[in-house]
Amino acid sequence: MDLFKTSYIKYRKTFKIGIRFLIIGVLFWQFGFFTRFNYLTAKIDIWRDSPRIVSCGRSLYPCGVPCISLKEKYGFHESNISCVVTTPQIRGIKLYNAQIIKYLNKKNGEDWQKEYHAEMELLIKNNMLE
């Protein structure tokens, strides 16, 4: 009877550990930690000094050399992923972009987005995107 009791305790302990790993894995998956863009990859990209602003779908306008140099002026690149994304990917992208925006706010000041959009509008108005 003692052997049955110890094997049951080992089985129960292994089962509890397995359930915990499963729950943690599902949570990581739901928050996009198994996709390219997530909180951790944002921190890594900031550390490597290669932050990106990620958007889904087609770009609104083609971006040539003046547009790319404007983005480099503000310290980021743009990454555009496909139109078909899952909910965990969207959550990961939102976490990624939030960290990048926080970093860029520290680097460029709080109102850098207004300046960036004004300069981008000027490029569009002067037809200098390509």
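**Aromatic rings in close-up**

Ring pairs join Y74, F76, W112 and Y116 into a cluster. The model shown is predicted. Across the whole structure, a search finds seven aromatic pairs.

**View 1. The pair formed by Y74 and Y116 is edge-to-face.** The ring centres of Y74 and Y116 are 5.7 Å apart. Their planes stand at 85 degrees, and planes over 60 degrees apart count as edge-to-face, so the pair receives that label. Y74 sits in the loop between helix 3 (65-73) and strand 2 (77-81), while Y116 belongs to helix 5 (residues 112-125), so this pair ties together parts that lie 42 residues apart in sequence.

**View 2. Y74 and Y116 are both buried.** The relative accessibility of Y74 is 4%. For Y116 the relative accessible area is 9%.

**View 3. F76 and Y116 form an edge-to-face pair.** From centre to centre, the rings of F76 and Y116 are 5.5 Å apart, with 65 degrees between the planes. F76 is in the loop between helix 3 and strand 2, and Y116 is in helix 5, so the pair ties together parts 40 residues apart in sequence.

**View 4. F76 is a buried member of the cluster.** F76 has a relative accessibility of 3%, so this residue counts as buried. The cluster that holds F76 also includes W112.

Conventions. Residues are numbered from 1 along each chain as its sequence is written. This is a predicted model: local features need pLDDT of at least 70, side-chain atom pairs count only at pLDDT 80 or more; totals for chains, interfaces and linings use all residues. Side-chain values use heavy atoms; hydrogens and water are left out. Rings of Phe, Tyr and Trp (its six-membered ring) pair if their centres lie within 6.5 Å; planes under 30 degrees apart count as stacked, over 60 as edge-to-face and the rest as tilted. Helices (H or I, at least four residues) and strands (E, at least two) are DSSP runs, numbered from the N terminus. Buried means under 20% relative accessible area, exposed over 50%, partly exposed in between (1.4 Å probe, protein chains only).
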